[in-house]
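Subject: Structure handover

Hello,

Here is the structure I said I would pass on. My notes on what was found in it follow below.

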Amino acid sequence: MKYFIDSILKPFITECGYQHVCEIGASEGQGTHKLLEIDSIDIAVVDPCLDTDLSQKFRDNKRISLCQGLSLDVLGRISNQFDCFLIDGDHNWYTVYNELRLIDERGLITEGGTIFFHDVCWPYGRRDMYYQPEQIPKEFVHPYEKQGIVYGQSELSSRSKVNAEYYNAVYEGGPRNGVLTAIEDFLKESVGQYRFFCLKKEFGLGVLHKSTGGNRTAAFNKLLQRSKYTNALYDMKDVAKTRLPVPYSFLRRLRRMIM
Ligand SMILES: C[S@@+](CC[C@H](N)C(=O)[O-])C[C@H]1O[C@@H](n2cnc3c(N)ncnc32)[C@H](O)[C@@H]1O
């Protein structure tokens, strides 16, 4: 998510005049610190602190409140409303689907608010990853292994190093698998209260805007427009990578040598 903060999130949050932001999954808090450059916001950080002790890191900052714990526990007990959520925690269907369900059912997002998600494209758009598989009810956990992911291939591979340190679902696709599938399943049940699109860049940014009356903010429309060009390029690259892998990797190597 931090890749998008300067280029997209800060201008978007500022233009919308959002004041209360909830960041789910903050890792070492680098993105949180960048977000604080917007003077007018406060940030609630939800994270079990698997990567670092955020309580030490945020100790002296009055604009950050740390809710240490799993997102589904925290979202089930807090009652503050937020204008904006950044969801980049546990990247699996069960967690993301239920994060959305809780935010919606418990009225945690304001009208006109926006939820951003990271990793809605490959590799986790259609494949679960589990930080702590034992925290997810067994019936929602796909078979998983600590093995690498290969673009365009469903099975994991012992030869790939891509995210090989995580518990990745053994197969890509199918029901209840991946971050984007979770968002789509939530949207099927939410009868027109939300507008959604993906920006296909840096593993994908999902943008979900709450507008019960159908009005979308100018910032949402602008970003939607911008996504069309970015997404067309991504789709062309995808065709080249999957249908013409040899010329594609030759051109990539050539580009690296020249640049
Ligand atoms: C991909 S990192 C977040 C990266 C961060 N957003 C950034 O841009 O730098 C995922 C984070 O999610 C946290 N996490 C894992 N499971 C979680 C859960 N169930 N609820 C909330 N956060 C979770 C981990 O502690 C980790 O810090």
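What percentage of the 259 residues of the protein count as buried? The figure is 36%, where a residue is buried if 20 or more other C-beta atoms, placed from the backbone, lie within 10 Å of its own, exposed if 12 or fewer, and partly exposed in between.

Two points on reading the model. It is a predicted model, in which local features need pLDDT of at least 70 and side-chain atom pairs count only at pLDDT 80 or more, while totals for chains, interfaces and linings use all residues. Residues are numbered from 1 along each chain as its sequence is written.

Overall form. The protein has 8 helices and 10 strands; helices (H or I, at least four residues) and strands (E, at least two) are DSSP runs, numbered from the N terminus. Its radius of gyration is 19 Å, close to the 18 Å given by the globule rule for 259 residues, so the protein is as compact as a globular protein of that length. That radius is taken over C-alpha atoms, and the rule is 2.2 Å times the number of residues to the power 0.38.

The core. The largest nonpolar core has 55 residues, and V21, F85 and I183 have the most contacts inside it. Such a core is a set of buried Ala, Val, Leu, Ile, Met, Phe, Trp, Tyr and Cys residues joined through C-beta atoms within 7 Å. Helix 5 (residues 93-105) gives the largest share of this core, 6 residues. Leaving aside neighbours within four places in sequence, I183 is in contact (C-beta atoms, placed from the backbone, within 7 Å) with residues including V96, L100 and F117.

Strand 4. In strand 4 (residues 82-87), 6 of the 6 residues are buried, so the strand is largely enclosed by the rest of the structure. Strands pair if DSSP finds at least two bridges between them. Strand 4 is joined to strand 1 (residues 20-24) by 4 bridges, running parallel, and V21 stands opposite C84. With strand 5 (residues 109-118), strand 4 pairs in the parallel sense over 5 bridges; here I87 stands opposite F117.

A separate topic is the open sheet of 3 strands, which has the order 6-8-7 and antiparallel pairing. Strand 6 (129-130) and strand 7 (144-145) stand at its edges with a single partner strand each, so one side of each is left without a neighbour in the sheet.

Regards

Definitions and conventions
Two residues are in contact if their C-beta atoms, placed from the backbone, lie within 7 Å.
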